[in-house]
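Please keep the structure in view while reading.

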Amino acid sequence: MKSKTADRIATGVFVAIAIIIVSILVGLFSYILINGFKHISWEFLTTPSSNIRAGGGIRDQLFNSFYILLITMIIAVPLGVGGGIYMAEYAKPGKITDTIRSCIEVLASLPSIVIGMFGLLVFVNVTGWGYTILGGALALTVFNLPVIVRVSEDSIRTVPRDLKEASLALGITHWHTIKTVLLPSAFPSILTGIILAAGRVFGEAAALLFTAGLSTPRLDYANWNPFSEQSPLNIFRPAETLAVHIWSVNTQGLIPDVEAVSNGSAAVLVISVLLFNLLARWIGSIITKKMTATK
Amino acid sequence: MQICIYPIMTYFRGVWCIMEKIIPAKERLIKSSKNRMDGELRGKILVILCAVIMISATISITIFLGTKGLQSFIKNGVSLIEFLTSTHWNPTNQANPEYGALPFIFGSFAVTFLAALIAAPLGIGAAIFMTEIAPSWGRKILQPVVELLVGIPSVVYGFIGLTVLVPFVRAHVGGLGFSLLSGMIVLSVMILPTITSIATDAMGSLPKYLREGSYALGATRWQTIRKVLIPAALPGLLTAVVLGMARAFGEALAVQMVIGNVRNLPSSILDASATLTTIITLNMGHTTYGSVENNTLWSMGLILLVMSFAFILLIRYLSSRRKL
């Protein structure tokens with residue numbers, strides 16, 4: 001009888017743990033969204049931020065976040081997918097492959113602040129660029145690369161062996177098989193992984209503090225010349241992203257409406273990350289349906 | 001959606017088509033083996049290049065941070081023993097600057113272990129709930145919950161800690177609110193999803209006959225979990241906790257916003273404190289590059305790097321035990 005009571009108690013504890021975790025999530029999300037929605041308005045999203053006065057928006061920070069994300073992905077996706085192809089198709093078991101695997105593991109486990117420091121050393125000081133979007137994007141590439149490599153490798157490995165063997169049996173070379181058979185079949189899961197990684201990059205701040213900086217120059221959105229100082233497209237300008245903005249107004253800010261600005265920004269950030277997640281699932285399931293015969 | 005996806009796919013194919021020039025069939029047949037071999041080589045070189053870039057990134061991070069981090073000991077003559085064991089941090093004192101980083105090293109370890117102490121039971125409990133208690137609906141609810149928790153950016157955790165947790169601790173527990181306790185709670189929520197998802201994998205990969213054998217002997221579910229499943233999955237569960245701790249150790253901004261950032265050794269859990277990461281974030285921006293104080297910050301970064309290597313070795317050790 002005693003062991004049955006213990007069993008009941010233990011079950012109760014496990015259910016309680018599950019309830020605690022769900023309520024943590026519900027609490028966090030409702031707090032962020034309820035407090036944030038009050039402050040999100042078209043005006044908040046389209047006015048530039050202010051350093052001293054109340055009523056600043058997040059226009060530039062929002063643009064910077066997406067722009068840095070775009071540049072990061074332009075660098076990281078080809079590198080990561082290439083690395084994934086190498087690991088899945090070319091790497092032979094042995095010392096070199098083990099080394100590469102350890103390198104990926106090390107990169108994946110580095111704290112983002114350490115990557116930020118590396119970025120500060122190499123992309124800011126050694127190159128002499130100062131705080132730039134490009135420096136930030138390169139730091140984020142280091143941060144993001146292991147994720148994309150792992151996703152691509154796993155997706156390519158899960159392509160059925162028959163497909164690859166059939167293609168090779170038709171006399172098609174290895175690289176051509178990778179291009180025309182393996183990559184298209186692995187495409188849905190690679191894309192899903194990349195979008196999820198993009199969500200992570202979007203919310204990252206510690207790696208950007210010392211690489212993309214804490215300020216944004218006055219931007220002129222009519223200026224599309226990427227080499228102009230005021231152009232939003234210039235990749236050699238400092239850029240404060242949304243996540244960094246939340247941190248800086250809370251720890252170093254002088255504005256009186258810190259709470260309002262950070263509530264609004266936090267909600268925008270969380271909603272964006274949420275959208276990335278939903279988009280990843282949605283696109284993943286749709287492409288899988290299109291490419292395979294499953295309903 | 002059809003409109004959306006297909007152009008992307010055809011775009012990718014289109015790019016490849018442009019790269020392979022379109023030539024008449026006869027010539028293509030004659031040249032084909034050579035062309036194919038060229039493409040083969042080009043492709044191989046391309047992906048090997050990607051792999052090389054990855055290795056060189058890792059090696060250059062280690063070398064750059066290593067040399068920069070050692071400079072304060074080699075060039076500036078800061079004593080390594082003092083750096084690691086002294087509790088006096090006063091780099092701005094002109095006459096007698098002191099570089100004892102022990103309070104921050106201690107803070108990092110304290111907050112990491114305390115966070116793991118909370119998050120490990122919760123995470124492993126959630127994993128057991130998902131795999132043993134309610135494998136069908138429990139998993140359907142908790143899996144997305146865990147994924148959403150991973151997705152919340154760390155600054156948002158820090159901000160909520162700052163606006164909700166810190167005033168709460170100040171009002172109901174005591175102290176200033178900025179404390180080890182707040183840091184520990186924020187971190188434990190942050191590492192909870194890491195621990196949960198890896199522990200779930202560890203529990204889920206246990207062979208079915210373990211459970212069935214135990215139930216067949218008349219054991220209750222709790223006895224099965226406690227005596228059979230947890231010991232069998234132990235290396236995997238420990239890996240989950242270590243990975244969570246590695247994340248907690250390196251987390252910077254969220255902790256920095258709630259821990260108070262003082263340079264003294266905390267005497268209780270309600271005292272404000274500081275960690276290696278928080279001191280780096282706070283001071284890196286406004287110390288002169290190349291100064292002694294700045295160099296000691298790089299030494300702290302080196303400690304973070306070394307610790308992340310140590311965590312990897314620990315995980316390697318644990319997973320080698322799992323294979324046995």
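Q: Which residues of α1(A) and α4(B) meet each other?
A: In this predicted model, α1(A) contributes A:T11, A:V13, A:F14, A:V15, A:I17, A:A18, A:I20 and A:I21, and these meet B:L122, B:G125, B:A126, B:I128, B:F129 and B:I133 of α4(B). By class, the contact of these two helices has twelve nonpolar, two polar and no charged residues.

Q: What makes B:G125 of α4(B) count as polar or nonpolar?
A: The rule places Gly among the polar residues, and B:G125 is one of the residues of α4(B) in this contact.

Q: Why are α1(A) and α4(B) called roughly perpendicular to each other?
A: The axes of α1(A) and helix α4 (residues 102-133) of chain B come within 9 Å and cross at roughly 110°. Angles of 65 to 115 degrees count as roughly perpendicular, and α1(A) and α4(B) are therefore given that name. The crossing of α1(A) and α4(B) is left-handed.

Q: How many residues are in contact between chain A and chain B as a whole?
A: There are 74 residues of chain A in contact with 69 residues of chain B, where a contact requires C-beta atoms within 7 Å. The helix that gives the most to the side of chain A that touches chain B is α1(A), with 19 residues. Among the other helices that each supply at least two residues to that side are α3 (59-90), α6 (133-157) and α10 (258-291) of chain A. Taken by class, the side of chain A that touches chain B has 52 nonpolar, 16 polar and six charged residues.

Q: What makes α6(A) roughly antiparallel to α8(A)?
A: These two helices pack at an angle of about 150°, with their axes 9 Å apart. Angles over 145 degrees count as roughly antiparallel, which is why α6(A) is described in that way relative to α8(A). The crossing of α6(A) and α8(A) is right-handed. Among the residues that make the contact are A:L140, A:N144 and A:V147 of α6(A), together with A:L182, A:A186 and A:S189 of α8(A). The residues of this contact divide into eleven nonpolar, five polar and no charged.

Q: Why is α5(B) called oblique to α7(B)?
A: Helix α5 (residues 137-151) of chain B and helix α7 (residues 180-204) of chain B pack at an angle of about 140°, and their axes are 8 Å apart. Roughly antiparallel needs an angle over 145 degrees and roughly perpendicular one of 65 to 115 degrees, with the rest counted as oblique, so α5(B) is oblique to α7(B). On the α5(B) side the contact is made by B:V146, B:L149 and B:V150, and on the α7(B) side by B:L192, B:P193, B:T196 and B:S197. By class, this contact has five nonpolar, two polar and no charged residues. The crossing of α5(B) and α7(B) is left-handed.

Q: How do you know what chain A is built from, helices or strands?
A: Chain A has ten helices and zero strands. Read along the sequence, chain A follows the pattern α-α-α-α-α-α-α-α-α-α. The C-alpha atoms of chain A fill a box of roughly 70 × 70 × 40 Å, taken along the principal axes.

Q: Where does UniProt place the feature "transmembrane region" in chain A, and what does the model have at residues 12-34 of chain A?
A: An unreviewed UniProt entry places this feature at residues 12-34, 66-88, 100-123, 129-149, 181-202 and 266-287 of chain A. Over residues 12-34 of chain A the model is 100% helix and 0% strand, with the end C-alpha atoms 32 Å apart. Residues 129-149 of chain A are 81% helix and 0% strand, and the end C-alpha atoms of that span lie 28 Å apart. UniProt also lists residues 62-280 of chain A for "domain: ABC transmembrane type-1", again from an unreviewed entry, and this span is 71% helix and 0% strand.

Technical notes:
Residues are numbered from 1 along each chain as its sequence is written. Chains are lettered from A and ligands numbered from 1 in the order in which they are written. This is a predicted model: local features need pLDDT of at least 70, side-chain atom pairs count only at pLDDT 80 or more; totals for chains, interfaces and linings use all residues. Axes are lines fitted to C-alpha atoms, for helices over the stretch in contact, and angles run from 0 to 180 degrees between N-to-C directions. Helices (H or I, at least four residues) and strands (E, at least two) are DSSP runs, numbered from the N terminus. Angles under 35 degrees count as roughly parallel, over 145 as roughly antiparallel, 65 to 115 as roughly perpendicular and the rest as oblique. A crossing is left-handed if the near helix is turned anticlockwise from the far one by less than a right angle, and right-handed if clockwise. Two residues are in contact if their C-beta atoms, placed from the backbone, lie within 7 Å. UniProt positions are given in the numbering used here, feature names are shortened, and annotations may be inferred rather than shown by experiment.
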